[in-house]
Amino acid sequence: MGALKVRVLGTHQAYLPILAAMQTFTQQRSDEAVDELWVLEHEPVFTLGRNGQMEHLLDPQEIPVVKVDRGGQVTYHGRGQLIIYLLLDVRRRNLGVRELVIKIEQAIIQLLASRNIVAAGDREAPGVYVEGKKIAALGLRVSRGKTYHGLSLNVDMDLEPFKRINPCGYAGLEVSQCRDLGIAETTMELAGELALLLAQGLGYRQIEWLAD
């Protein structure tokens with residue numbers, strides 16, 4: 001119950017194979033299976049949540065749009081954005097979804113605070129914001145007490161595609177990224193620290209790091 005695997009999948013990951021792998025892992029995992037975090041960067045893609053409305057896709061152009069089974073509306077994933085997927089047995093950990101969301105937000109807030117950046121969550125619109133601009137998005141799916149999907153943190157990326165959507169369903173919502181706040185580390189350099197903060201916040205005592 002106190003063990004966690006952190007699987008570093010790396011950069012240039014296509015979205016659909018990772019989605020299928022998350023779904024398969026969740027469907028086939030046993031009650032004894034160790035929880036995992038998957039760390040990666042995606043190739044450019046817009047994803048539209050279960051209740052997502054097409055009207056929030058303003059002008060996707062050449063970037064593919066994928067309808068997915070997480071909560072939330074539309075968001076963008078691309079190079080220079082850190083993705084951490086949380087494949088957890090929340091029933092085993094007696095952890096509610098709202099509590100999990102808060103713990104994810106707090107880990108990101110801690111990461112930014114260690115670099116003297118003040119960030120905050122938003123109960124009405126989950127995610128992490130710096131001066132009103134969204135720097136991290138959250139979206140989860142819970143199936144039989146097991147979670148998948150997770151968080152995205154904008155690190156050092158081309159933010160232009162966010163102008164082609166209403167991010168998370170909010171027209172005019174501005175986005176930010178770590179580079180513009182003076183953070184020089186790459187996605188994979190920040191990944192280890194954020195994964196550790198997540199593990200600590202969620203109460204895992206034993207962490208195994210795996211590089212695929």
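1. Basis. In this predicted model, local features need pLDDT of at least 70 and side-chain atom pairs count only at pLDDT 80 or more, while totals for chains, interfaces and linings use all residues. Residues are numbered from 1 along each chain as its sequence is written, and side-chain values use heavy atoms, with hydrogens and water left out.

2. Sheet. Eight strands make up an open sheet of mixed pairing, in the order β7-β8-β9-β10-β6-β2-β1-β11. β7 (120–121) and β11 (206–211) are the edge strands; each has a single partner, so one side of each has no neighbour in the sheet. Strands (E, at least two residues) and helices (H or I, at least four) are DSSP runs numbered from the N terminus, and two strands pair if DSSP finds at least two bridges between them.

3. β8 and β9. Strands β8 (residues 127–130) and β9 (residues 133–143) run antiparallel and are joined by four bridges. Val130 has Lys133 of β9 as its bridge partner.

4. Helices on the sheet. Helix α2 (residues 97–113) packs on the sheet and touches β6 (81–87), β7, β8, β9 and β10 (146–154), its direction making about 150° with that of β9. Helix α3 (residues 187–201) also packs on the sheet, touching β1 (3–13), β2 (35–42), β6, β10 and β11, at about 30° to the direction of β6. Contact means heavy atoms within 4.5 Å; axes are lines fitted to C-alpha atoms, for helices over the stretch in contact, and angles run from 0 to 180 degrees between N-to-C directions.

5. Positive phi. Most residues other than glycine have a negative phi. Asn116, in the loop between α2 and β7, has phi near 60°, and is exposed at 74% relative accessible area. Cys168, in the loop between β10 and α3, also has phi near 60°. Exposed means over 50%, buried under 20% and partly exposed in between (1.4 Å probe, protein chains only).

6. Salt bridges. The whole structure holds 13 salt bridges, each a side-chain nitrogen of Lys or Arg within 4 Å of a carboxyl oxygen of Asp or Glu. One of them joins Lys133 and Glu174 at 3.9 Å, N to O. Lys133 is in β9 and Glu174 in the loop between β10 and α3, so the pair ties together parts 41 residues apart in sequence. Lys133 is partly exposed at 33%, as is Glu174 at 48%.

7. Arg179 forms salt bridges with Asp156 at 2.7 Å and with Asp180 at 3.7 Å. Arg29, Asp35 and Arg92 are linked in a salt-bridge network.
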